Amino acid sequence: MEKKFLPYGKQNITQEEIESVISALTGDYITQGPLVEKFELSLAKYLGVKHAVVVSNGTAALHIASLALDLKPGDAVIVPAISFVATSNAVLYCGATPIFADVDAKTGNILIESAEEAILLALKKGLIPKAIYPVHYSGLPCSIKDLIELARKYNIKIVEDSCHALGAMYRLNSEENFKMVGSYADMSVWSFHPVKHITTGEGGAVTTNCSILASKLKMLRSHGITKNSFDFTKQNLSLDEKSAEINPWYYEMQMLGYNYRLPDILCALGIAQLKRIDLFLEKRRQLADYYFKKLSGIENIILPLNDNVTAFSSFHLFPVKIDFDKVGKTRKQIIDSLKSYGIGCQVHYIPIPWQPYYEKNTDKFMCLDITNAENFYKEELSLPMYYDLNFDDIDRIADALRYSLGS
Ligand SMILES: Cc1ncc(COP(=O)(O)O)c(C=O)c1O
């Protein structure tokens, strides 16, 4: 019998969730209605932050977070060389300069010493280092203590690219309580793409504890428009000539924004999915534990770091590293072999500065020595990780890996 194909990532949607979307579809508002705020409030509550602003995807979230920082030409942002291209593209959207720092060889997270070197490079080149965008790669949080110290030392902002890390936790040291990723940064950015912990199809959010940033983010996701009468600047237009009351149709565009709104239909799905986040996280944790058990001791496979001292991973990915030279097979050969056993994999990520666009536009960014990132890319393979995976599937994956590697 043909075995079912196991992709590397996949959503899980219940009948109840489908019904909540249908109910939104047949309601009075399919966009710009009450479910937007409801989703924002439940996301903020879950993360323990003051504000959440939902948008059409994680890339839009990175873009408006960058605009909310007033990023512009002459500014620099420190980003890890290993991430999805959206992390540094958001900096380019604003005409600012991304500076690629190296990553930790074990975790794929930004290397603090390299990030500091990048800040010094920005200063040397006459750029203003404004922020660092750490990525909590695969769901394992970066050291928040080190990030905060670095940000304070150089007076820069932290915008976490937390697209992998919903539900992950970190703490400042072993005496502190764990807090949700999102708690300590100036802003945190989230994605609700189908392979992530919860999904809205496409969707994203920015969270923050700063009310000034939150109101700016809300304007930026909707054309730069405000309908809040307290913010109006033009009395002659906003007020009725006789009663001096606010004109009911009135709005003001006060900055150049975008239409990055998330419709109510998708917020309905987000609200319902978020109710199951603990279940999603627990399952990923169990699957990861089982992977650790099944794969430990297999020759030529390095398993991801399982910290649990200062950080709890939310296991968006299960990234292993394989020394393909030592195995005597290319990564494509291993991937093809796994595919013949019905197993899908992915590679996260090609170093961003290697992308043709970046190679053609070397005047738009800077890059430090990224040897660790290059080696990380050469060895990385992301194994299937999603809610519907089970222990039998992981037995199958472990056997197939062993055969494919010849171990
Ligand atoms: C680290 C990281 N940043 C940003 C994004 C962009 O998110 P989205 O696909 O929702 O635009 C992703 C999505 O894959 C991601 O993994």
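**View 1. Helix H7 gives the largest share of the lining of the largest pocket, four residues.** This is a predicted model, in which local features need pLDDT of at least 70, side-chain atom pairs count only at pLDDT 80 or more, and totals for chains, interfaces and linings use all residues. Residues are numbered from 1 along each chain as its sequence is written, and side-chain values use heavy atoms, without hydrogens and water. The largest pocket has a volume of about 610 Å³. Its lining has 21 residues, and Gln32, Lys218, Arg221, Ser222 and Ile225 are the closest to its centre. A pocket here is an open set of points on a 1 Å grid over the protein atoms alone, where a 1.4 Å probe fits, with protein on both sides within 12 Å along at least five of seven lines; lining residues have an atom within 4 Å of a point. Helices (at least four residues) and strands (at least two) are DSSP runs.

**View 2. The ligand takes the space of the second largest pocket.** A molecule sits in a pocket if more than half of its atoms lie within 2 Å of its grid points. This pocket holds about 520 Å³ of space. Phe84, Val85, His164, Lys196 and Tyr349 lie nearest its centre, among 28 lining residues.

Methods. Points joined across faces, edges and corners; volume = space filled by probe spheres on them.
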